[in-house]
Amino acid sequence: MNLRLVALLLAVGVIAAIALSPARRRGQDPVAGGSGTTSAVTAANERPGMAVAGERSDGGAAPAAAAPAEAVAANTPPSGSSTGSIGAASTETGRGPGAAGGADAATASAAAADAQVAAAPTTPPAATSAPDIPARPEEIAFAPLAYEPPAAADFRHVLPDGTVVYLAPSHEFPLVNLTITFKGGASLDPADVPGLASMTARMVREGGSRTLPPAELDETLDFLATQASVTANEFFTTAVMNCLVSTFDESLVIFLDLLRTPRFDADRLETAKARTLEALKRRNDDASSILAREWKRLVYGDHFEAAEPTAASVAAFDRDRLAEMHALIFRPGNAIVSVSGDFEVPEMLATLERAFAGWERGGPVADPAVPTAVLEPGLYHVPKDIPQGKVILGSRSIRRDDPDAIPLLLLNEILGAGGFTSRLMQQVRSNEGLAYSVRSTIVPRVDYPGDFRAGFESKNATVALATKIVLDEIRRIRTEPVTDEELETARQGLIETFPRQFESKPQMLRVFVNDEWTKRPADFWKTFRAKVEAVTKEELLRVAKAHLDPDAMAILVVGDWDPIAAGDIDKRASMAAFFGGQVRHLPLRDPLTLEPAAPAE
């Protein structure tokens, strides 16, 4: 028992000696010496953003006034180094020659480590000179952006039946995204049934297929983890399928069956019509929707761009009309296919060839009709009891491929599209505090001129002042050249954000498909930045005079007219200043019929 007691006391003493050693207190392993994993250098190397003395975390030189302890850490070899200077530990086993020799060897090793630390230099290494750092962020110089846009021809293929296909393999994720873009949307609506193309697209997806009822179709797609959608806008109808690569073949069969032979289930159609009617009832709730609707009527008149469904047109949606519209749009000769994701090109082409076999090709639909309406300049008002008036002012503009399109795009960046650097934002928001947001937009069309518009909302009393400032800025940009700084900021805004047009494979393919449908010049993207760089201040002045004429613009206001007309309390502006104070009061339309609503009692 005495021998056991002596051994126990000796063990306790050894443990105490190790725990109280200076090396242990500094975080070093008294057995492995400087190769221990808790050294200051190791900790600094393992934690992002931590800098070793004498260095910055970004790799530059740090101030040389390091404390002695930091200097020691900076001169201690990192974990895993094989200098053998402290403890002579093996880098493979973590055990030195004396590691198995008991407490005496451990104590000796710790003493050696203390002596080594004491002998280490306490002066930090000399700091290297830091590179010149600009005094302000705007003085930082960046290398020119080196980016070349992809060429559509590198991704374009044609199936044996003549269907154009764009393929962009991408193996990051086991997914496949397939899009079929059909020409035609609201542009094909009969004049007496606006909204038919949109309802047809909706029911192609929601109404089931020839082989699967709606509920079973939804369950099958959910089981396969496949997303499918079909939508229509003014000019195109788009069908999209996104699925796992492992279920692509099965999903494609279901998806194409849906597009080729939709069921147009009667119950689902009635549900869709009921939901549409409920949405129509609410479309006067938001003044923004009133503003957009009436602006399109002013600009495009009796044209599909200004047409909206009514309760009567929704009631006219039936299976026969849906089938007629489906037959007009959904055919390979009226489609361009794009696929991105985890696949190989030869296999995908073979799969698509089999999938499209037997589908009657047909041909493309006609181009959209050209509007005949002429925007009549003037001041227009739609009543709405709201505390802030909503305003659009503008005129007809240009076609997309007009020779002045790029200069006008730059000019608009300076005027109102460039965010906080634009003149409208600086004057209306930053300097005057009249609106939270103000912006100008050019909406060109491919087949006919689009429109230019500037829009904002402001409290009723300051609508007139904000309108005056916007028109003043339009007049100023027509009479005075822009500054060099404004031009350069606008240029760089377009050039530096240019790669976003192609920031993902699906986005890139959308550009290619749209360009093919709209016959955009093949070199447009290759030459875009050079054309932006070539624009001069003189050219911008010419373009402003040609395309921005305040006297040819219409002003549309939605809001409470009396406080809006009176103007601001300081009498800086009132609505009487525009068009001689002549205003045309347009009726608020009934949300279901779009006929003038009865006056509120």
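A: Start with a term. A salt bridge is a side-chain nitrogen of Lys or Arg within 4 Å of a carboxyl oxygen of Asp or Glu. Now apply it. Arg-542 forms a salt bridge with Glu-539, and their closest N and O atoms are 3.9 Å apart. Keep in mind that this is a predicted model.

Q: Where do Arg-542 and Glu-539 lie?

A: Both are in helix α20. They sit three residues apart, which is about one turn of the helix. Arg-542 is partly exposed, with 41% relative accessibility. Glu-539 is also partly exposed, at 25%.

Q: How many salt bridges does the structure hold?

A: The structure holds 29. Take another one. The side chains of Asp-484 and Lys-537 meet at 2.9 Å, N to O. Asp-484 lies in helix α17 (residues 484-496) and Lys-537 in helix α20 (residues 537-547), so this pair ties together parts that are 53 residues apart in sequence.

Q: Which side chain meets Asp-218 in a salt bridge?

A: That of Arg-205, at 3.0 Å from N to O. Asp-218 belongs to helix α7 (residues 214-223) and Arg-205 to helix α6 (residues 196-206), so the bridge ties together parts 13 residues apart in sequence. Both Asp-218 and Arg-205 are buried.

Q: Let's turn to nonpolar residues. Where do nonpolar side chains tend to be in soluble globular proteins?

A: In soluble globular proteins, they tend to be buried together. Now the case here. The largest nonpolar core has 85 residues. Val-470 and Met-575 have the most contacts inside this core. Helix α16 (residues 463-479) gives the largest share of the core, nine residues. There is also a second, separate core of 51 residues, and it includes Leu-217, Met-241, Phe-255 and Met-348.

Q: What is Met-575 in contact with, leaving aside its neighbours within four places in sequence?

A: Its partners are Leu-379, Val-463, Ala-464, Val-557, Trp-561, Ile-564, Ala-565 and Gly-581.

Q: What should I look for in the loops?

A: Check the backbone angle phi. Ala-225 has a positive phi of about 55° although it is not a glycine. Ala-225 lies in the loop between α7 and β4 (227-232). Ala-225 is partly exposed, with a relative accessible area of 47%. Phe-579 is another case: its phi is positive, near 50°, and it is a residue other than glycine. Phe-579 sits in the loop between α21 (561-566) and β12 (583-585). At 32% relative accessibility, Phe-579 counts as partly exposed.

Q: What does the whole protein look like in numbers?

A: The protein has 601 residues, and 43% of them count as buried. Its secondary structure comes to 21 helices and twelve strands. The protein exposes about 30,700 Å², of which carbon and sulfur atoms supply 55%. Among contacts with a separation of 6 or more, 79% join residues 24 or more positions apart.

Q: What are the pLDDT values of this model?

A: The mean pLDDT is 84, and 78% of the residues reach 70 or more. Over residues 18-120, pLDDT stays under 50. For that stretch the model has 93 contacts beyond four places in sequence.

How values were computed
Residues numbered from 1 in each chain as written. Predicted model: local features only at pLDDT ≥ 70, side-chain atom pairs only at ≥ 80, totals over all residues. Heavy atoms only, no water. Core = buried A, V, L, I, M, F, W, Y, C linked by side-chain atoms within 4.5 Å. Buried < 20%, exposed > 50% of the residue type's maximum accessible area, 1.4 Å probe, protein only. Helix = DSSP H or I, 4+ residues; strand = E, 2+ residues; numbered from the N terminus. Contact = heavy atoms within 4.5 Å. pLDDT = per-residue confidence, 0-100. Areas by Shrake-Rupley, 256 points an atom, 1.4 Å probe, with all protein chains shown as cover.
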